[in-house]
Amino acid sequence: LNLRNKIAAGEVVERPASVVKELVENSIDAMASRIEIDILKAGKRLIRVSDNGIGMDRQDAIVAFERYATSKIKDEHDLFNIKTMGFRGEALSSIASVSKVRLITSQKSEIGTCMEIIGGNVKEIKDCSAIGTSIEIRDLFFNTPARRKFLKSDSTENYHIIDTVTCEAISHHHIGFVLTIDNNCVLNLSPSSSHIERILQIFGKDFASELIDIESGDEQIYIKLFLGKITNLRNNKNNQFLFINNRPVKDPSTTYAVYKAYEELIPKGKHPVFFIFITIDPVLVDFNVHPTKREVRFEDKNRVFNLVYRAAKEALKNGSL
Ligand code: ADP
Ligand code: MG
């Protein structure tokens, strides 16, 4: 069983940033309004994610580390109608199989649970007091040295962690986020009331004021787009964000729709700034393509492409008025 978890871990946990993503998304699903992330040594020494969400009772906490144990999917209907960030129930078991975990959690007005797991084996369970959930991951890949060796420099791994938290923070603007790396506060975001306010918090006022915004669609597929002006092209793709049902994803076809809207206006080597938020009926999209859920399959790819293309066109027209 442990071997299977270790194999699964290779799919879900590529690097420290993958752990951060899974833990933060669990906190989001637990309806936290504040999530704190602490990192030491690029996540190789410590990743701690603490939230003020609904927490777990003793039984939930024990089950949470079993493979495919998810509290979020009850039947096949749920699997094709996903409303939570998690649904595969393999993140915690995968992470726990390749690290040393300490979980502290409690549900309202109940005695809390503190649990220690090393390499997937439960070492200790005891009472404690807690609010919400805090999960500490130490010595990632301590028992899979080959994977540990593949980790990049601290600055590269930190970059991926910051990118991961930034993406989650943009899409979940109503949640407060604090990211601390080696005791330096890197992000400190209070809950905000809109996407543009969150973009402003992260990127600054000048950046945010350069964006053209547009909304369109119907009750099945809805798009909110913030597009950089043609006078504001970049030399890299670092300021391109796509979220589908609040999930940060990569989808080359959707991204290409934006480039196409600029047509010949984009010189070679230049890239537009954009934030695309697509809200789509969960039955029209499949996130279950890869364990990391970073890829999507649309039931009607062209419909999404055209919606994004037309929105970007319209935004550019408005922006040049
Ligand atoms: P999934 O998110 O796909 O359900 P995970 O392995 O990520 O699977 O988590 C397993 C279960 O542990 C979740 O379904 C949830 O019930 C519980 N859980 C994990 N993290 C938290 C948290 N921060 N707060 C409350 N419950 C949590
Ligand atoms: Mg999860």
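Two strands are taken to pair if DSSP finds at least two bridges between them, and on this basis strands β11 and β12 of the predicted model form a hairpin with two residues between them. Asparagine 245, which lies in the turn of this hairpin, has a positive phi of about 50°. The two strands, β11 with residues 240–244 and β12 with residues 247–248, run antiparallel and are joined by two bridges. In one facing pair, isoleucine 244 stands opposite arginine 247 in β12, and phenylalanine 243 has proline 248 of β12 as its bridge partner. In general, the strands of a sheet pair through backbone hydrogen bonds, either parallel or antiparallel.

Strand β11 also pairs with strand β13 (residues 274–280), here in the parallel sense and over five bridges, and within this pairing leucine 242 stands opposite isoleucine 276 in β13. These strands belong to an open sheet of five strands, in which the order is β9-β10-β13-β11-β12 and the pairing is mixed. The edges of this sheet are formed by β9 (211–217) and β12, each of which pairs on one side only. Helix α11, made up of residues 301–319, lies across β9, β10 (221–228) and β13, and runs at about 40° to β10.

Helix α11 also packs with helix α10 (residues 252–262), and the axes of these two helices come within 8 Å and cross at roughly 35°. The crossing of α10 and α11 is right-handed. On the side of α10, the residues that take part are Ser253, Thr254, Ala257, Val258, Lys260, Ala261 and Tyr262, and they meet Lys301, Val304, Phe305, Val308, Tyr309, Ala312, Lys313 and Leu316 in α11. When the residues of this contact of α10 with α11 are sorted by class, 10 are nonpolar, two are polar and three are charged.

A further open sheet is built from eight strands in the order β5-β4-β3-β6-β2-β1-β7-β8, again with mixed pairing. Its edge strands are β5 (121–128) and β8 (184–189), each pairing on one side only, and neighbouring strands of this sheet are turned by 10° against each other on average, with direction ignored. Within the sheet, β1 (residues 34–40) and β7 (residues 176–181) pair in the parallel sense over six bridges, and the bridge partner of glutamate 36 is valine 178 in β7. Helix α7 lies across β1, β7 and β8, where the helix runs at about 175° to β7.

Two packed helices are described by the angle between their axes and the distance between the axes. For helix α2 (residues 16–29) and helix α7 (residues 154–171), the angle is about 20° and the axes lie 8 Å apart. Because angles under 35 degrees count as roughly parallel, α2 is roughly parallel to α7. The crossing in which α2 passes α7 is right-handed. The contact is made by Pro16, Ala17, Val20, Lys21 and Val24 of α2, together with Glu157, His160, Ile161, Thr164, Val165 and Glu168 of α7, and the residues of this contact divide into six nonpolar, two polar and three charged.

Helix α7 has a further helical partner in α8 (residues 195–203), and the axes of the two come within 8 Å and cross at roughly 150°. Angles over 145 degrees count as roughly antiparallel, and α7 and α8 are therefore roughly antiparallel to each other. In this contact, Thr166, Ala169 and Ile170 of α7 meet His195, Arg198, Ile199 and Ile202 of α8, which by class gives four nonpolar, two polar and one charged residues.

At the level of the whole protein, the chain is divided into domain 1 (2–189) and domain 2 (210–319), and the C-alpha centres of these domains lie 29 Å apart. The contact between them takes 15 residues from domain 1 and 11 residues from domain 2. On the side of domain 1 that touches domain 2, the elements giving two or more residues are α1 (2–12) and α7, and α7 gives the most, with four residues. The residues of this side of domain 1 divide into six nonpolar, four polar and five charged.

Key
Residues are numbered from 1 along each chain as its sequence is written. Chains are lettered from A and ligands numbered from 1 in the order in which they are written. This is a predicted model: local features need pLDDT of at least 70, side-chain atom pairs count only at pLDDT 80 or more; totals for chains, interfaces and linings use all residues. Axes are lines fitted to C-alpha atoms, for helices over the stretch in contact, and angles run from 0 to 180 degrees between N-to-C directions. Angles under 35 degrees count as roughly parallel, over 145 as roughly antiparallel, 65 to 115 as roughly perpendicular and the rest as oblique. A crossing is left-handed if the near helix is turned anticlockwise from the far one by less than a right angle, and right-handed if clockwise. Two residues are in contact if their C-beta atoms, placed from the backbone, lie within 7 Å. Ala, Val, Leu, Ile, Met, Phe, Trp, Tyr, Cys and Pro count as nonpolar, Asp, Glu, Lys and Arg as charged, and the others, Gly among them, as polar. Domain bounds come from an automatic or database domain assignment.
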